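Hi,

Here is the structure I said I would pass on.

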Amino acid sequence: MTSPGPFQSRVPASVRSWIPGLGGQSDASADVPDAATAPLAPPPPPVDATTTEPPFTHLEHPASGHASTLRTALNTLSGWYWPADAKAAHDAEQRLLARIPRDDPAWRLRLGFIDVAEDPTATGHHLINTLIIESTAAAPRDTSNDDENAAPVVLLHGYGAGLAMWYRNLPALASALVPRGYTLYALDWLGMARSGRVPLPKAVAGEPAASPNALAPPPSVAAAEDYFVNSLERWRAHVGIEKMVLVGHSMGGYLSSAYALRYPHRVAKLVLVSPVGVPERPASEGGPSAPPPATTGSEPLPDSDTSAEGTKSAAESGNPRKFPLPYMALRSSLAKLWESGYTPFSLMRAAGPFGLRMTEWYTTRRFTLPDDEKADLRDYLFHANNAGTPAGEYALSALLRFGAWARSPLEHRLPALWSSPDAARRVPVRFMYGNQDWMDPRAAARMLRQNGGIDALRASVHIVPNAGHQLFLDNSEDFNRCLIDILRTNDRVAHPTVGRLDEEAMAAYLVAKNLN
């Protein structure tokens, strides 16, 4: 199936004028104060080059074939109700990436698409949107400064995001790492953001049967993981990377783990940034009767609550929380929708022209950023995730139960990476969390203690202060510093500096929560 091509907005100006969040505008200034009366600003500079120079295979998604009159009419009618726009997604991505300075002659940024289809003539193009930051041939450098472990670094986004979300991290990473021999990549997962919307296999749908082996994912989980893992492996082979460092956030961390478990010899290091799917679902959520983690996936820690008392779960305190009946009824209904394959973006699409306003509500309250950045981020998240046929998002309920509990928890699977007796299959694993993260770092710390990860210096937990789940945006400066230290640390050193610093931070964090 050919990926849908970019298209202009189909919403007439007369209709756009009353659609909330659009107001007759299609650019990021729609909700910035006084944007309606302010003069139009010049467009931001484009990224260096969107080119088919290798390893890219496409400049953009191929244009779709000629549409029938009926199809055109239906598209026009649907466009009035649903203003998601592939061209607007492209433009918002460009605006975010244009915030990356280009004043360093030592590196360049390129953007394009890589076709990972095994047989494009039979299946159509499977395009993966790819950003590359690499050393420039025109700027010779002293290779004696290269890090011994300078493997290419691949940044992988989480659910509902895309490669442009790393715009606050790429400049610091490029300046610190590229002169030392690293190449940086950022991808949109296949089926998500601006990559090709290749349908998931039918085996993904439905409630998976219980796996007889706790270390092996259930059938539909395996099918969903295969969709992403196989496409990432084909991308690696096309680019020609022998071994890489994977940096995955949230769902991207879960999928990066699945890749590392399948291809450990291709992963030099695994960095999991607030990964979803680590702990086993506790008994209070219908899971096995093992001790529950400190917080449940359905009861995230609020970003403003950092007190020890405020972070205790109901299970810890011994006083089960009692919720009002309307809340329980709503939760039950949402759980049924989840198990039926509906996603958060399904509900947003059902909201029609109010979907953009819902995205604005989220970005305004969630991120502490300048207004123009929030506007660009809002446009990017809305259009990149909703323009085009839904595809990869449907893996959400195949991989996770309602409440963000993994159907095949990583805590049963990840220790094989750092405890393997085969050195060739051993992968160092680093966890990164915000100190106000709703993903619980104590599950990772417990897993490391139980499996000897910390003692072997093959795995560690790192806490970024003043940050929640989106720690790379919440506190980009400390996140960048911590990630650079992790990437540059030689794992064979007996006592890496970053390990000592983070050991203290982790101890303080656990003491604050009365869980040390």
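To start with the rings: how many aromatic pairs does the count come to? Rings of Phe, Tyr and Trp (for Trp, its six-membered ring) pair if their centres lie within 6.5 Å, with planes under 30 degrees apart called stacked, over 60 edge-to-face and the rest tilted. By that rule the count is 10 aromatic pairs.

Before I go on, the ground rules. This is a predicted model, where local features need pLDDT of at least 70 and side-chain atom pairs count only at pLDDT 80 or more, while totals for chains, interfaces and linings use all residues. Residues are numbered from 1 along each chain as its sequence is written, and side-chain values use heavy atoms, with hydrogens and water left out.

The overall picture

The protein has 18 helices and 11 strands; these are DSSP runs numbered from the N terminus, helices being H or I with at least four residues and strands E with at least two. Of its 516 residues, 52% are buried. Buried here means under 20% relative accessible area, exposed means over 50% and partly exposed is in between, with a 1.4 Å probe and protein chains only. Taking contacts (heavy atoms within 4.5 Å) with a separation of 6 or more, 77% are between residues 24 or more positions apart.

Back to the rings

One pair I'd look at is tyrosine 185 with tryptophan 235: the ring centres are 5.3 Å apart and the planes are at 85°, so this pair is edge-to-face. The partners sit 50 residues apart, tyrosine 185 in strand 5 (residues 184-187) and tryptophan 235 in helix 6 (residues 219-239). Tyrosine 185 is buried at 10% relative accessibility, and tryptophan 235 is buried at 0%. Elsewhere, Trp166, Phe472 and Phe479 form one aromatic cluster. There is also a charge over a ring (NZ of Lys or CZ of Arg within 6 Å of the ring centre and within 35 degrees of the ring normal): arginine 366 lies over the face of phenylalanine 367, 5.4 Å from the ring centre.

Helix 5 (residues 170-177) is mostly covered, with 6 of its 8 residues buried. Those are Leu170, Pro171, Leu173, Ala174, Ala176 and Leu177. What covers them includes strand 2 (107-115), strand 3 (127-135), strand 4 (153-156), strand 5 and helix 17.

Helix 17 (residues 476-488) packs against helix 5 at about 35°, with the axes 10 Å apart. Axes are lines fitted to C-alpha atoms, for helices over the stretch in contact, and angles run from 0 to 180 degrees between N-to-C directions. The crossing is right-handed; the handedness is left if the near helix is turned anticlockwise from the far one by less than a right angle, and right if clockwise. Helix 5 contributes Ala172, Leu173, Ala176 and Leu177, while helix 17 contributes Asn480, Leu483, Ile484, Leu487 and Arg488. That makes 7 nonpolar, 1 polar and 1 charged, counting Ala, Val, Leu, Ile, Met, Phe, Trp, Tyr, Cys and Pro as nonpolar, Asp, Glu, Lys and Arg as charged, and the others, Gly among them, as polar.

On the strand 2 side, have a look at tryptophan 107. Tryptophan 107 is buried at 6% relative accessibility. Its contacts beyond four places in sequence include Ala174, Ser175 and Val178. From tryptophan 107 to valine 178 is 6.9 Å, C-alpha to C-alpha, across 71 residues of sequence.

Another helix pair

Helix 3 (residues 86-97) and helix 12 (residues 371-386) cross at roughly 145°, and their axes come within 8 Å. This crossing is left-handed. The contact residues are Ala88, Ala89, Ala92, Glu93, Arg95 and Leu96 on helix 3, and Asp376, Leu377, Asp379, Tyr380, His383 and Ala384 on helix 12. By class they come to 7 nonpolar, 1 polar and 4 charged.

A cis peptide bond joins proline 54 and proline 55, with omega about 10°. Proline 55 belongs to the loop between strand 1 (49-50) and helix 2 (69-81). Alanine 193 is not a glycine, yet has a positive phi of about 50°; it lies in the loop between strand 5 and helix 6 and is buried at 5% relative accessibility. Alanine 404 also has a positive phi, of about 70°, and is found in the loop between strand 8 (400-401) and strand 9 (405-406).

Cheers
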